Structure formats: structure tokens, C-alpha cells
Amino acid sequence: MSQRLDMVFAALADPTRRAILALLLEDDMAVTDVAGAFTISLAAVSKHLGVLAGAGLISQERRGRLRWCRLEPDALREASAWMLGFGLIEAVDLDAFERFLDQEALAGQAPEEAN
């Protein structure tokens, strides 16, 4: 379980990956649609998606010619349960986490993109 938690926290440490999670909170998305939301290359987005999938935060499946991504909240629940063991924080409120990810995504955009 320790290695899995390490992977979750490492995946969450990157602002681009947090922004991808924010997108996937809304609905499943094709990899190309995820990539379209960023100014980085498709290859870079694919690498980020691989890290998220490796941490269990998302799953990917092929539908026809496209790969689709889906948020898998169980990895966040496991990380939350681990943090609860310290008694220092409350359970993760996924709605609040969604708002946080939305704010992070907006903060990462150039001023003209945020409008």
C-alpha cells in the first residue's frame, strides 16, 4: 500500500495532472480532447495520463479508434483514509476537491485564456 500511496501523491504533485483530474471530474474524455485543453503536446499529455493511470487515479479504455479516460476516485479515497490515520485532517470532500482543481486549472491558464 505504501508504494501505491507514493504514486498517488507523486501524481497529484504536478499541476498539469491536477488540471487533468479536474477535467475528468466532469465526464469521461477522449485523450485528444484532454490534450486539446492544454498548450503542451499530445505526447506530453499522454505521459501525464500514464502517470495518473499508474497511480490508479484514472483508467483508460479503447473505444473504436480513440482512447478514453475516466476518473477513478478510489485512489483518492485510499489516500484520504491514510491521511485520516493521523487525525489531523477531515475526510476528503470530493466536491471541495473539485472546486480546488477548478481553481488550480484557472490559475494555470494565461490571463487571456481564463476569460
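Strand S2 pairs with strand S3 (residues 66-71) in the antiparallel sense, over six bridges; two strands count as paired if DSSP finds at least two bridges between them. The model is a predicted one, in which local features need pLDDT of at least 70 and side-chain atom pairs count only at pLDDT 80 or more, while totals for chains, interfaces and linings use all residues. Residues are numbered from 1 along each chain as its sequence is written, and side-chain values use heavy atoms, with hydrogens and water left out.

**Sheet**

- The three strands form an open sheet in the order S1-S3-S2, with antiparallel pairing.
- Strands S1 (29-30) and S2 (58-63) stand at the edges with a single partner strand each, so one side of each is left without a neighbour in the sheet.
- The bridge partner of Arg63 in S3 is Leu66.
- Strands are DSSP runs of E with at least two residues, and helices are runs of H or I with at least four, numbered from the N terminus.

**Helices across the sheet**

- Helix H2 (residues 15-26) lies across S1, S2 and S3 and runs at about 90° to S3.
- Helix H4 (residues 42-54) lies across S2 and S3, running at about 120° to S2.
- These angles run from 0 to 180 degrees between N-to-C directions, with axes fitted as lines to C-alpha atoms, for helices over the stretch in contact.

- Val31 lies in helix H3 (residues 31-36) and counts as buried because its relative accessibility is 7%.
- Buried means under 20% relative accessible area and exposed means over 50%, with partly exposed in between (1.4 Å probe, protein chains only).
- Leaving aside residues up to four places away in sequence, Val31 touches Leu42, Ser46, Leu49, Arg67 and Cys69, where contact means heavy atoms within 4.5 Å.
- Val31 and Leu42 are 11 residues apart in sequence, and their C-alpha atoms are 8.3 Å apart in space.

**Salt bridges**

- A salt bridge is a side-chain nitrogen of Lys or Arg within 4 Å of a carboxyl oxygen of Asp or Glu, and by this rule the count comes to seven.
- The side chains of Asp28 and Arg63 meet in a salt bridge at 3.1 Å, N to O.
- This pair links distant parts of the chain, 35 residues apart: Asp28 is in the loop between H2 and S1, and Arg63 is in strand S2.
- Glu61 forms salt bridges with Arg63 (3.4 Å, N to O) and with Arg70 (3.1 Å, N to O).
- Partly exposed residues include Arg63, with a relative accessible area of 34%, Glu61, with 36%, and Arg70, with 33%.
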